[in-house]
Amino acid sequence: MPPPDFMMPMPVKVMQRRQELATTWTLDVETGPDELAAFTPGQFNMLYVFGVGEIPVSFSGDPAGRDRHCFTVRAVGPVSRALTELPIAASLGKRGPYGTGWPLAAAEGADLALIAGGLGLAPLRPVLYHVLRYRQRYGRITLLYGTRSPSDILFRDELDGWRRRQDLEVRVTVDHAGSEWPGQVGVVPALVPTLGFDASNTVAFLCGPEVMMRLTASALLDAGLAPAGIYLSMERNMKCALGHCGHCQFGGVFVCKDGPVLPYPRLRGLLSLQEL
Amino acid sequence: MDDYNDTAVITSEGLQCLIEALLNRSYQVVGPQIRDQAIVYDTLTDIDQLPQGWSDEQDGGHYRLRPRADGAYFGYAVGPHSWKRFLYPPHQSLWQANKDGDRLYFKDERPDPPRFAFLGVRACELNAIAIQDRVFMGDAYSDPDYQARREGTFIVALNCSEAGGTCFCASMACGPEVKTGFDLALTELLNEGPHRFLVESGSPAGLEVMAELPRRNTTRADLQAAWAVVENTRRSMGRTMPDTDIPALLLDNLTHPRWDDVAQRCLSCANCTMVCPTCFCSTVEDSSDLAGTTAERHRRWDSCFTADFSYLHGGSVRQSTRSRYRQWMTHKLATWVEQFGSSGCVGCGRCITWCPVGIDLTEEVRAIHDTSPKGKGEAR
Ligand SMILES: Cc1cc2nc3c(=O)[nH]c(=O)nc-3n(C[C@H](O)[C@H](O)[C@H](O)COP(=O)(O)OP(=O)(O)OC[C@H]3O[C@@H](n4cnc5c(N)ncnc54)[C@H](O)[C@@H]3O)c2cc1C
Ligand code: SF4
Ligand code: SF4
Ligand code: FES
């Protein structure tokens, strides 16, 4: 038998598709073989559209679900657009899961600050499903979510449901809004000091644009969080996800295999440098 | 001493017998040859194809062949090719996808890996192969094609009898003496006796091939001559890398003005990465047929000097030549250590010789070292 080729995708079908925002869709796709159904929140897959190309996309669904994988994709270029246009029953190629996940087991007993910007809520949604399922394992849980404008808010219905819960604090903010927006206006890092968490026992998971994560991490450090208690999900160009193509390097870090979820101390000194 | 270690002396006839013994074992024998005024690696069947009687002149941005009078078969340093093109080809098919209505099928398109016998692998190159082994076979995911090629390869190593003008393997502790990782190792002896080769075996397969060669036993004089060859080469390195903690030096100086200086000269042409025997970056390309029913995926060598390399939606992370040169050199000499446990540079000098403007990484390191704000060699 020839050795396995990790670059070869597996065909899976689109089971369902949902429009989330103007250019953002969630696809439910088959998991493929059972042994590939399980994933850790924070991990990603390489998704291939026939004849177009292949891109990294994070899991956005419930890690306890075994019959489908969810991917929330924003159309920004050829491959992501083609993904969002796949009809139900169409086939795509999938390989994974890849990369590191959020340290959910290590964070048990601690308070959690889940901080997302824009589409960054998608890779954190599996965390929410997990921590709400095992709610008693965690202390206070806060979700701080920022988007550019009210029309960019992802998973609105779910956010409303989460907001109604007593055991979860949800804060949504937008950078700009008209007077019809009743909620908070302001960028995420600026809201960090208002969260009022117990700095000595809080673990923070950050996912969003790099600048937002960098500024949020500084704000968290200023608020007294330990560097080792801050985790970021990084993004870099990826062609293989196996540690072979070299594209995803960020300093000495291979974002595809050492990340995408990385503890802040691993990134210290790198985040502040231009063009690294 | 392992029980497959043996030494013997052969003549050029013996060298021809060696090639034939390898061909008989259905290896594709690959060795140095002259093409387009440079010494490159290609398949061969006869010692007459070797660049006998040729040497090379190398310097920053300069390479020229010149004849030599002593009839040496291996009297030159490394050329623009390295063995990576055989273990990890510049362009390769990965798979084909076929679309039939809503269904997709994927088919493995990797060709059967050839079995190579490499003739004349230098110490720096053995180290480069060991480095790429760690990249492609050292972690959770192994590259199956690389692994198959690698495991099938028979290596005839060579102790260098001539250091090139850009060589600095000695200061990278990667040569000029071959130590491990070969099936057979040759040292070409031109002095103290007739033109001959000392052969050492380094594996059971090597020992078996060696037993078939017309040979005589080694004398003390042969061993001494071989030792002198390596020592002479060690002393004639064209370049040296500064003797300092290079990873610390570079990582402490990521904003050093020298990066701006080198960016003024660098053309971002990617030659250095293509000729480097350890650079491993690749990209994938898709092609599809007009009917829209088949699509293929290929992999080809890529370089951190291209604009697309670091592209993220909205623009490349590394827009400037400064940041790309810094990425290349700090990866090679600093972050590689963190990733794979050794430097990514073996001191072969190719990137210096084949840089169109003669940028010399040993010089760049020296410049940073000598002007490091943290003091000479006392970075960190
Ligand atoms: C670990 C990880 C998880 C991700 N998860 C999601 C997700 O859940 N949902 C989502 O919509 N997007 C996600 N992205 C971003 C997504 O991969 C890019 O938007 C996508 O690659 C853009 O490709 P394109 O061909 O549509 O567009 P173009 O902008 O034309 O990109 C061309 C090529 O550049 C590369 N590229 C461009 N942008 C990125 C990027 N941001 N990250 C990596 N490679 C890029 C890709 O190889 C792409 O094919 C993730 C990226 C990473 C690294
Ligand atoms: S960096 Fe230059 S000298 Fe070092 S191994 Fe690569 S090509 Fe050779
Ligand atoms: S250092 Fe020289 S060879 Fe390398 S990219 Fe720059 S100009 Fe080209
Ligand atoms: S994506 Fe290829 S090395 Fe990380």
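Predicted model: local features only at pLDDT ≥ 70, side-chain atom pairs only at ≥ 80, totals over all residues.
## The site of ligand 1

The surrounding residues come from chains A and B, so the site is shared between chains.

## Polar atoms around ligand 1

A polar backbone atom of A:Pro56 is 2.7 Å from an oxygen atom of the ligand, and a polar backbone atom of A:Ser58 is 3.1 Å from a nitrogen atom of ligand 1. A side chain is also placed here: a polar side-chain atom of A:Glu235 lies 2.5 Å from a nitrogen atom of ligand 1. On its own, ligand 1 has 820 Å² of accessible area, of which the protein covers 89%.

## The seven-stranded sheet of chain A

Chain A contains an open sheet of seven strands with mixed pairing, in the order β10-β9-β8-β7-β11-β12-β15. Strands β10 (184-185) and β15 (261-263) of chain A stand at the edges; each has a single partner strand, so one side of each is left without a neighbour in the sheet.

Within this sheet, β8 (residues 141-147) and β9 (residues 169-174) of chain A pair in the parallel sense over six bridges. A:Gly146 stands opposite A:Thr173 of β9(A). Helix α3 (residues 156-164) of chain A packs on the sheet and touches β8 and β9 of chain A, with its direction at about 135 degrees to that of β9(A). Another helix of chain A, α2 (residues 121-133), lies across β7 (111-117), β8 and β11 (202-207) of that chain and runs at about 155 degrees to β7(A).

## The site of ligand 2

Ligand 2 is surrounded by 13 residues, the closest being B:Cys276, B:Cys345, B:Cys348, B:Gly349 and B:Cys351. Two helices of chain B, α10 (321-340) and α11 (350-353), are the elements that give two or more residues to this shell. By class, the shell around ligand 2 has nine nonpolar, two polar and two charged residues.

Conventions
Residues numbered from 1 in each chain as written. Chains lettered and ligands numbered in written order. Heavy atoms only, no water. Near = heavy atom within 4 Å. Polar contact = N/O pair within 3.5 Å; in protein donor to acceptor, adjacent residues only side chain to side chain. Areas by Shrake-Rupley, 256 points an atom, 1.4 Å probe, with all protein chains shown as cover. Pairing = 2+ DSSP bridges. Helix = DSSP H or I, 4+ residues; strand = E, 2+ residues; numbered from the N terminus. Contact = heavy atoms within 4.5 Å. Axes fitted to C-alpha atoms, helices over the stretch in contact; angles between N-to-C directions. Nonpolar A, V, L, I, M, F, W, Y, C, P; charged D, E, K, R; others polar.
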